[in-house]
Amino acid sequence: MIAYYRFPSIERLDAYDRALTEMDFVWDEFLQHGSAPGCVALLVAPPGHVPPSSAFGFDVYQRLTLFFCVCDIEGSIPGDLRDHVVHIAPAPGLLPEQAINEDSALIEFHQAATDSNDLVLYGPNGEGWYRAIFAVPMRVAPRVTIEALDAGLEVEIADQDLDQRSSTAQLKFRFRHKRTRAVVKEYTAVGMLELDAEL
């Protein structure tokens with residue numbers, strides 16, 4: 001389980017007042033709570049996992065399943081919180097310990113999403129930043145050489161020290177005009193992207 005969302009009654013939730021579309025899903029069992037307290041749990045599990053209670057779920061890139069489960073945690077709610085909406089993050093999960101490290105999970109997710117086994121490159125976003133997801137996790141943040149095909153541009157690499165969790169799995173960069181230092185926000189062909197990692 002990732003989180004529990006407990007509410008004192010369904011009437012306390014905001015009403016969805018927009019017209020339903022084919023992309024919307026109405027969970028009839030969830031609506032049956034009426035004035036009784038209810039709880040929905042968010043569960044991320046391996047494909048094929050059977051949730052412990054009534055649930056619906058969907059596969060994400062055939063690598064994991066995201067479930068929304070009806071559950072009962074009233075015995076865990078202190079009396080002074082019974083009339084409030086409560087968010088709870090459980091201590092235990094499906095596995096006794098983390099099955100994969102964060103960098104490997106990040107890389108595998110993006111490779112599955114793009115059907116690639118190589119470096120994955122996204123961008124640019126509205127601020128001109130590209131995001132490169134490495135092909136494999138690095139032991140330390142690699143030295144990076146990036147060049148645009150346009151010789152009039154130079155690269156700016158985001159400060160990797162600001163997010164050391166991901167500096168061994170990804171990096172962000174953007175291009176600027178050498179003369180004006182203006183950020184290039186439209187797509188620019190990358191001439192070279194070289195990662196030099198220590199073994």
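Colleague: Is Cys-69 buried or exposed?
Modeller: Cys-69 is buried, its relative accessible area being 0%, where buried means under 20% relative accessible area, exposed over 50% and partly exposed in between, with a 1.4 Å probe and protein chains only. This is a predicted model, in which local features need pLDDT of at least 70 and side-chain atom pairs count only at pLDDT 80 or more, while totals for chains, interfaces and linings use all residues. Residues are numbered from 1 along each chain as its sequence is written, and side-chain values use heavy atoms, with hydrogens and water left out.

Colleague: Where is Cys-69 found, and what does it touch?
Modeller: Cys-69 is found in strand 4, residues 64–70; helices (H or I, at least four residues) and strands (E, at least two) are DSSP runs numbered from the N terminus. Not counting residues up to four places away in sequence, Cys-69 touches Trp-27, Cys-39, Val-40, Ala-41, Leu-43, Pro-51, Ser-53, Ser-54 and Ala-55, a contact being heavy atoms within 4.5 Å. For Pro-51, which is 18 residues from Cys-69 along the chain, the C-alpha atoms of the two are separated by 7.5 Å.

Colleague: Switching to the rings, how many aromatic pairs are there?
Modeller: The count comes to five aromatic pairs, with rings of Phe, Tyr and Trp (its six-membered ring) pairing if their centres lie within 6.5 Å, and with planes under 30 degrees apart counted as stacked, over 60 as edge-to-face and the rest as tilted. One of them is formed by Tyr-130 and Phe-173, which are stacked at 5.2 Å centre to centre with 10 degrees between the planes.

Colleague: Which strands hold those two?
Modeller: Tyr-130 is in strand 7 (residues 130–133) and Phe-173 in strand 10 (residues 170–177), so that the pair links distant parts of the chain, 43 residues apart. Both Tyr-130 and Phe-173 are buried. Phe-173 also forms an edge-to-face pair with Phe-175, at 5.8 Å centre to centre and 80 degrees between the planes, and Phe-175 counts as buried at 1% relative accessibility.

Colleague: Which residues do the ring pairs link into a cluster?
Modeller: The cluster consists of Tyr-130, Phe-173, Phe-175 and Tyr-187, linked by ring pairs.

Colleague: What about Gln-111, buried or exposed?
Modeller: Gln-111 counts as buried at 13% relative accessibility, and it is found in helix 2, residues 102–114. Leaving aside neighbours within four places in sequence, Gln-111 is in contact with Ser-116, Asn-117, Asp-118, Val-120, Phe-134 and Ala-135.

Colleague: Zooming out, how many helices and strands does the chain have?
Modeller: The chain has two helices and eleven strands, and from the N terminus on its elements run β-α-β-β-β-β-α-β-β-β-β-β-β. The radius of gyration of the chain, taken over C-alpha atoms, is 23 Å, well over the 16 Å that the globule rule (2.2 Å times the number of residues to the power 0.38) gives for 199 residues, so the chain is more spread out than a compact globule. Along its principal axes the C-alpha trace spans about 65 × 40 × 35 Å.

Colleague: What share of the residues is buried?
Modeller: Of the 199 residues of the chain, 28% count as buried. Among contacts between residues at least 6 apart in sequence, 65% join residues at least 24 apart.

Colleague: Last one, where is Val-26 found?
Modeller: Val-26 is found in the loop between strand 1 (3–7) and helix 1 (28–31), and at 41% relative accessibility it counts as partly exposed.
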